[in-house]
Amino acid sequence: MSTAKGTAAATPELAARPRLSPLNQRRWQNFKANRRGYWSLWIFLVLFVLSLFSELIANDKPLVAFYKGDILFPVLVAYPEEKFGGFYAVTDYRDPVIQDEIDAHGWTIWPPIRYSYQTVNNAIPEAAPTKPSWLYDKKTLCNQYPQGDADPNCIVGNWNWLGTDDQARDVLARVIYGFRVSVLFGLILTAGSGLIGVSAGALQGYFGGWTDLLFQRFIEIWSAIPVLYLLLIIAAILPPGFFILLGLMLLFSWVALVGVVRAEFLRARNFEYVNAARALGVPNRTIMFRHLLPNAMVATLTFLPFLLSGSISTLTSLDYLGFGLPPGSASLGELLKQAQRNLNAPWLGISGFVVISLMLSLLVFVGEATRDAFDPRKTFR
Amino acid sequence: MSEAPLLSVRDLSVAFVQEGHQSMAVDHISFDIAKGETVALVGESGSGKSVSALSVLKLLPYPTASHPSGQILFQGADLLATNEKELRRVRGNNITMIFQEPMTSLNPLHSIEQQVVEVLKLHQGLGDRQAKARTLELLNEVGIREPEKRLDAYPHQLSGGQRQRVMIAMALANEPELLIADEPTTALDVTVQAQILELLADLKSRKNMSMLFITHDLGIVRKIADRVCVMTKGKIVETGPTKDIFANPQHAYTRHLLAAEPKGKPPAANNAAKPVMTGKDIKVWFPIKRGFFRRTVDNVKAVDGIDVTVRAGQTLGVVGESGSGKTTLGLALARMISSTGSIQFNGRDINKLTFNDMRPLRRELQIVFQDPFGSLSPRMSISEIIEEGLKIHEPKLSPDQRDKRIVDVLKEVGLDPATRNRYPHEFSGGQRQRVAIARAMVLNPRFVMLDEPTSALDMSVQAQVVDLLRSLQAKHDLAYLFISHDLKVIRALANDVIVMRNGRIVEAGPSEQIFGNPQTDYTRALISAAFKIETAPVGIVSE
């Protein structure tokens, strides 16, 4: 039997370990088998990577400018206006005077959308909020430029593809930046609460007894604190900002994962292979990482995408209520708030709705596929 | 057999569909059971014996399972062709079944009375009072003493043997013509097993029932069956009267099975050999706490003052029924649970050492666990599993040196080193147990505690593992503490034996003396139950 096999392979050839373990290969196959989730992942990744370079897509500064023999990168470097013959500390490249000056001594390359998220369009055809540019004819659209529809700035790059909000800011630019802020907020919050939640759950489950008892009671009290009230109070003391908000949310969101991880550790800590590891003298830390964490990871990874979409919608709703990011920042919640106040401007609401629902749906689809991938009983015919 | 058989299985096949692949679990088998006859289906795990039995009542997970061919004729009607409604009348009425695990086959939330009465009401339409009277009668019949007091008991309040008796009572409630027993004694201690088998044989002859008995244990077959069907890989390879099969086996597999009992002799006892592990007055008490202040009112004395000595190159066998404290003793000696008393390992008292202080000693003090399916982490390749101990105890080894050690130890335990990057689920039970042994051996231990290392394995694999352990012991001068309820394995491996019961030593001494000339009634009962499957007089062993 197997004894014979042992002697057969006298020269042990070093079969290299496959890069992806068979288990992970199977998971990846399962993930790919869920077509919707697989495509959602790709679409989401493309959108997310693009949004990371928002500054190069939608900005009120040229990407590259050539002026009097120098190649300048206004996107990266803040040149004072002095350089172009003015006297302000910050150059407004959208100012026709500056534009004429640069054009006279060189050239500029602009991003496809010539607005940043807080750029105010001074040449809107009618009172803000204005409709998307493609709904106007050329004459109306450019009636505020000095030379009308013959003005050099009356070009596609200056269009407001999704209209403007009630402060004459470009909705498309705000949506692109808002998407990035939302996803980043969600990712950092999820990673943070995942880290804290898994560690806390692991410690409780592994050591059990008094550790578990005290920790559980603490969590019960902790999760009974009304988060919204606390946010209101803190908002009155601290200046609102991305990281303060993130920290505050993190204080409460880690609790979500503790339950599953703790349960997995409690269940698995007396498994025979864990006892076998103890008998080998493996330290607790290693046992938790190598033997128990993989068990808990399945439940955790299944939870994470939903935690992610949860954090994003929390941020959006806080912004909507006005307790979120500071005024002026690109935020989808604020867009929704504007939409509610300006019912005569449906493009605000529609843009906000489409972006948020697209983002959340993609994440939920990816989450579903992840759950499939980690389901040991899932089979595809 | 002049009359038509009661049950006639003709050309039966069972196929399972999994991820698009069809696999045959049972491949065109045929057998008959006459009225009043006991037929045994024997085979090792995976041979398809349970699947065959379950298909008689169509209890398989359809449509994953299917029957590509065959008929099951019961009193002339084909059970495979009948509809679900007809079948329900047959199930539990004409044909009943008892299962292996009496704990999980009984509903833990209902009392014994409720469960038996339910069967009677459902199938016979008895009223409350009649049903209760009949329940008492049945419980009496299956040998539960003072059944009146037991009616309100819940399954967890009964012992394993009693639970199996209740299961039998439920199966008998409707006076079935055929009883299917699927490994009914595998989960029980040998002494209880003998009692249950005696009960089944007695009931069968009194009620002129037929019985289909599924087991892997040839000793039981010899005791209880009239005819035997030997199964392997989904086929019946040999069938015939029990006496003929045992006296004159025709098929190679039957001979292999009959020859598979653990054989050989342990090395001669040598009292001069250096003691590796000595325990003095070891006690493991679990306190029972009551009331608001959690006062300790009593103790469960799992191990109650035991002295042991394990010598280099020798094996101390610890036998006892389940709950006798033998595993607890082993875990206490290996310092996996806390105990009182002194434990000397290599002349050093280790019972006061902390977990961290124990770590350097762990390398010389290894454990092999019972269940090779549970003791290997499913997410690590066997190379990683074996490597783990090396990484801790010999951190200076380079990956290549480690790999060489792994290859060497795999060869030593009889596994192909080329398979070391595979995962445990790709190996059979016996191979997994070899991996578990390799994990212990790679560290060159001096003392190995073996906690029932063979009881989850098939008989023929058991013999191989016993041979392996014996050769490793001879080669490395190892000291074994071998814990088992299986006296055959103990006899083949241990030169000293202690018999435990309720946390205390009943009898201790050299192996020949214990098996050849047992001094206490309890040891005698244990030995006759294990080797001859005979019951002891009432009162010596538990029920």
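## A helix in the open

Of the 14 residues of α8(A), 0 are buried, so this helix lies largely in the open. Buried means that 20 or more other C-beta atoms lie within 10 Å of the residue's own; exposed means 12 or fewer, partly exposed is in between, and C-beta atoms are placed from the backbone. Helix α8 covers residues 209–222 of chain A. From first C-alpha to last it reaches 20 Å, close to the 20 Å expected at 1.5 Å a residue. That expected span is 1.5 Å times one less than the number of residues.

## About the model

This is a predicted model: local features need pLDDT of at least 70, side-chain atom pairs count only at pLDDT 80 or more, and totals for chains, interfaces and linings use all residues. Residues are numbered from 1 along each chain as its sequence is written, while chains are lettered from A and ligands numbered from 1 in the order written.

## The whole chain

Chain A has 15 helices and 3 strands. These are DSSP runs, numbered from the N terminus: helices are H or I with at least four residues, strands are E with at least two. The C-alpha trace spans about 90 × 60 × 45 Å along its principal axes. Of the 381 residues of chain A, 36% count as buried.

## Segments from the record

An unreviewed UniProt entry lists five stretches of chain A as "transmembrane region": 38–58, 183–207, 227–260, 292–312 and 345–367. Such annotations may be inferred rather than shown by experiment; names are shortened and positions follow the numbering used here.

Residues 292–312 of chain A are 100% helix, with end C-alpha atoms 30 Å apart. Residues 345–367 of chain A are 96% helix, and their end C-alpha atoms are 34 Å apart.
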